[in-house]
Structures are given as C-alpha cells and as structure tokens.
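Here is a walk through a structure, step by step. Keep the sequence and the 3D view open side by side.

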Amino acid sequence: MHYIFDFSWIWDYGPVILKGLFVTVELTLVGAVAGVLLGILCAWIRTLGPEMLRPPVAAYVELIRNTPFMIQLFFIFFGLPSVGVQLSELQAANLAMIINLGAYSCEIIRAGIEATPKGQFEAGAALALRPLQTFRLVILVPALQRIWPALSSQIVIVMLGSAVVSQIAAEDVTFAANFIQSRTFRAFEAYMLSTAIYLLFAIALRQLLNQMGRWIFPKVAAR
Amino acid sequence: MSDFTTWDILRNLLLATRWTLILSLTSFIGGGIVGLAILFLRIGKSTLGRHFARGYVELFQGTPLLMQLFLAFFGLGLFGIDVPAWLAAGVALICWTAAFLVEIWRGCVESIPKGQWEAGQSLALNHVQQMRLIILPQALRIAIPPTAGFSVQVIKGTALTSIIGFVELSKAGTIVTNATFQPFVVYGFVALIYFAVCFPLSKFSKHLERRAAAAYATR
C-alpha cells in the first residue's frame, strides 16, 4: 500500500465544510424539535385521542418505519412535484426528517404513555382536569422522562441518517465531502474528515440530550 | 424510445428486489458472525479486547452508514484492489450490522442473572464453558425478538448502497425513474416493495416479543 495522505486542501475548503456542518446542524435541530412534537401528537392520538384518527396514524407510523429514509426523501423531493408540491432541497430534507422522526418517536413516546400507572389519570380527573389537561399536565412529562434515553438515541440515529440528503443536493457535510472529492480527487481523506465530523457531532449531540434530560425533568427519588 | 407500462416498471423493480434481499441476508449473516466475535471481546476478560469492542461499536454506531460505505468503497481501493460496488457494500454493511448486534446481544447476556455465572463456576466450568453451556442458551432466547426486529434496519440500510452504485431496489427505482419520468409512481412502488418485505418482519418480531413477555409473566 503506497498511499500518501494529503490533507493540504483543508484550508481551501474550510468554508465549504463549515457550511455543510451548519446545514447538518440546522436539519438536526428542526427535525428533532418538530419531529418530537409530531411524535407527541401521534402518540396522544394512538393512546388517548379520538378513535377514528387512530387507524390513519397507525398506517403512517408503520409505513414510515418499514421503508428506507432515502426512499421517503426521494418520494418527497422527486415524486411530489408531479402532484404539484414543489419543495426546495432543504425544505424536502427538513420535511423528510420531521416525518421520519415523527413516526419513530410516536412509537417510543407511546410506550412511555402506556407505562403510566392508571392512578395518574385518576389523579388528574380527581383534580377536575379535562382529559387533555390531564395529558398535558400530568401524563406527558413523566412519560417523556421514562423514554428520554430511547428518544435521544433515535434523534442521533436520525441525525446520522441525514447524510443521505446530500443525494438531493442539500448542502450538508456529506455534500461538502462529495464536492471536495470531486475537486481534489482526495476521496478517502475527504470522507475521513466528514466521518470524523459526524462522529464528534454524534457524541456532542448525545451529551447535549443527556444534559437536557437533566434540565427538563424534575429529579425523582430513587425508586 | 419504448413506452413503459406500469407492469414494466413493477417487473423491473421486483427483479432488482432480489439483490436487496441477497445483500440483506449476506449482511445479516456476516454481521452476525462478526458481531458474535466482537461480543466475546466485549464481555470477555481481556481489558484490551473490551476497549477495542467498545471503540468499534462507538465508531460504527456514531457515524453515518453512508460514510462507512464511501470509506469502504474508496478505502479498499487504497490497497490496490479494484473494488466492485457489491464488495464495498457487503463489507460496510457487515461491519455496521455487527456493531448494532453486539450491543443488542450484550444487553441480552447482561440480563442473565449473575447467579448463573456463579453456578457455572461452582461446577468448575471455565469461562468459555460457562458462556457456551449456561449463558448463551438462555441469552439466545431473549435475543431473538430484538434481533429479528433489527433485520428490518438492515434491509432498509441496504437502500444506501445504491449511492455507491450497487444496483438493488433503490437504484433500480432511480434508473426506472430516469427512463420513465414518473418519480411519483416509481418511488411509490419502491416504498411499497420495501414495506411488503419489512412489515411482516416487524410484525413477526413484535409477535415474538409479546410471546417472550408472556412467558416471563407466567413464571
């Protein structure tokens, strides 16, 4: 193996990489916040919400969980324009990530809600709270607390999955790496660098979510 | 230029589906074997081995599968091998699958009560014997539902290999789209085929899970 690693291009392409990182962070942030909100809504429907909405939500969840993210992305970006919905690369990428995380987090959060002791609902009712108030004020936060580690992992998985959005020319970290390798022919180095960026971001994101879990949720005594 | 009927589209996609299935199966089996080897390091006695296994899992679970595919594709080339897409796809998917299976199986092994190891020890079994005769047979039963569930992730993971040029279901979708200009129909079909493969597996794994849970509840 006679290969000389060459990272001398890094200085020239620094801005491209930074821009890519910015896009990946933005996609992750929007995807995570909106995706989890969508997941909460769907989880509420599937557990406590109106009966007639449950089958469509179940279908949505199963359809997303059993198809690759890339195909969902392609369907949104390439397929939807033919029915009149034209989205930019970033809009399509954001939408695909929200829809994807929405389905996964729905199932995770649902597990959290279903593990709620019956007494909690009764306690809400005893305080004359309406069902929706009971859900919002009594059920939701402990349910999220229960599944926070699983939800955090899912967010990291979705972030890593976002590498695919480079395929519809959304300019994320992977796109930057593709761009660099097409200009410098230093494919291995370019992908090594982008892989390292993803690894560090994944570690940082996991730490951040753990920390957030500690801020958001009240401390509970050891059970 | 010939016209594509809906049946033509579907037939081409279905023909490509076998490569998705073959690649999934290869990755799953290969990943299982590599995963088992790393599992032994992960729960073994050697500190170095444990560190290696943890690093391995962290690396492959902390980076996008797409990057792993690119690195396999361009990295193997550094050794002077002309890398066909299927080889890079297989190597990357096996390594990636192994990393997830190690963690799933580690959880299963660790859920076996410590007393079982001690029981083995008191029968003068050595570490490998304890593992083989006492721990693994029990861990295996717990491991089946989550392992079956993970196979769905592997099948979905194979879609990414289209990006490095392996022709499977997703790549066929792109090719057929380029020929027919009907992305809505084609990607819709592609999604439905993935769904038809993955959904039964998901349901099956759920079923196994529920049965295992029931078995524990009646104890």
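The paragraphs below go from one chain to the contact between chains, and then to single residues.

This is a predicted model. Start with chain A. It holds eight helices and zero strands. Read along the sequence, the pattern is α-α-α-α-α-α-α-α. The C-alpha atoms of chain A fill a box of roughly 70 × 50 × 30 Å along the principal axes. Chain A has 223 residues, and buried residues make up 48% of them. Now take the contacts in chain A between residues at least 6 apart in sequence. Of these, 76% join residues at least 24 apart. The accessible surface of chain A comes to about 11200 Å². Carbon and sulfur atoms account for 69% of that surface.

Next, look at where the two chains meet. Chain A brings 39 residues to the contact, and chain B brings 35. The area buried between chain B and chain A is about 3200 Å². Carbon and sulfur atoms give 77% of this buried area.

Four residue pairs are in polar contact between chain B and chain A, with both residues at pLDDT 80 or more. The count of salt bridges between chain B and chain A is one. It joins the side chains of Arg206(A) and Glu58(B), at 3.4 Å from N to O. Several elements give two or more residues to the side of chain B that touches chain A. They are helix H2 (47-61), helix H3 (65-77), helix H6 (127-157), helix H7 (169-180) and H8 of chain B. Which of them gives the most? H8(B) does, with 12 residues.

Stay with helix H8 of chain B, which spans residues 183-217. Phe184(B) has its place in this helix. Is Phe184(B) buried or partly exposed? Its relative accessible area is 31%, so Phe184(B) counts as partly exposed. Phe184(B) also belongs to a nonpolar patch on the surface.

What does Ala143(B) touch, leaving out residues up to four places away in sequence? Its partners are Trp105(B) and Cys108(B). Trp105(B) is 38 residues from Ala143(B) along the chain. Even so, the C-alpha atoms of Ala143(B) and Trp105(B) are separated by 6.2 Å.

Turn now to the salt bridges. Over all chains, the structure holds 11 of them. One joins the side chains of Glu107(A) and Arg46(A), at 2.8 Å from N to O. Glu107(A) lies in helix H4 (residues 89-114) of chain A, and Arg46(A) in helix H1 (residues 10-47) of chain A, so the pair ties together parts that are 61 residues apart in sequence. Both Glu107(A) and Arg46(A) are buried. They also belong to a network of salt bridges that links Arg46(A), Glu107(A), Arg110(A) and Glu114(A).

The side chains of Arg106(B) and Glu110(B) meet at 3.2 Å, N to O. These two residues are four residues apart in helix H4 (residues 85-110) of chain B, so about one helical turn separates them. Arg106(B) counts as buried because its relative accessibility is 18%, and the cut-off for buried is under 20%. Another salt bridge joins the side chains of Arg11(B) and Asp8(B), at 3.4 Å from N to O. Both residues lie in helix H1 (residues 6-42) of chain B. They are three residues apart, about one turn of the helix. Is Arg11(B) buried or partly exposed? With a relative accessible area of 37%, Arg11(B) is partly exposed.

Conventions:
Residues are numbered from 1 along each chain as its sequence is written. Chains are lettered from A and ligands numbered from 1 in the order in which they are written. Side-chain values use heavy atoms; hydrogens and water are left out. Patches are made of residues with over 30% relative accessible area and no salt bridge: like charges are joined within 9 Å, nonpolar side chains (Val, Leu, Ile, Met, Phe, Trp, Tyr) within 5 Å. Accessible areas come from the Shrake-Rupley method with a 1.4 Å probe; for residues, only the protein chains shown count as cover. A salt bridge is a side-chain nitrogen of Lys or Arg within 4 Å of a carboxyl oxygen of Asp or Glu. Buried means under 20% relative accessible area, exposed over 50%, partly exposed in between (1.4 Å probe, protein chains only). Contact means heavy atoms within 4.5 Å. Buried area is the accessible area (1.4 Å probe) that two parts lose on being put together, summed over both. A polar contact is a pair of N or O atoms within 3.5 Å; within protein, one must be able to donate a hydrogen and the other to accept it, and residues adjacent in sequence count only if both atoms are side-chain atoms.
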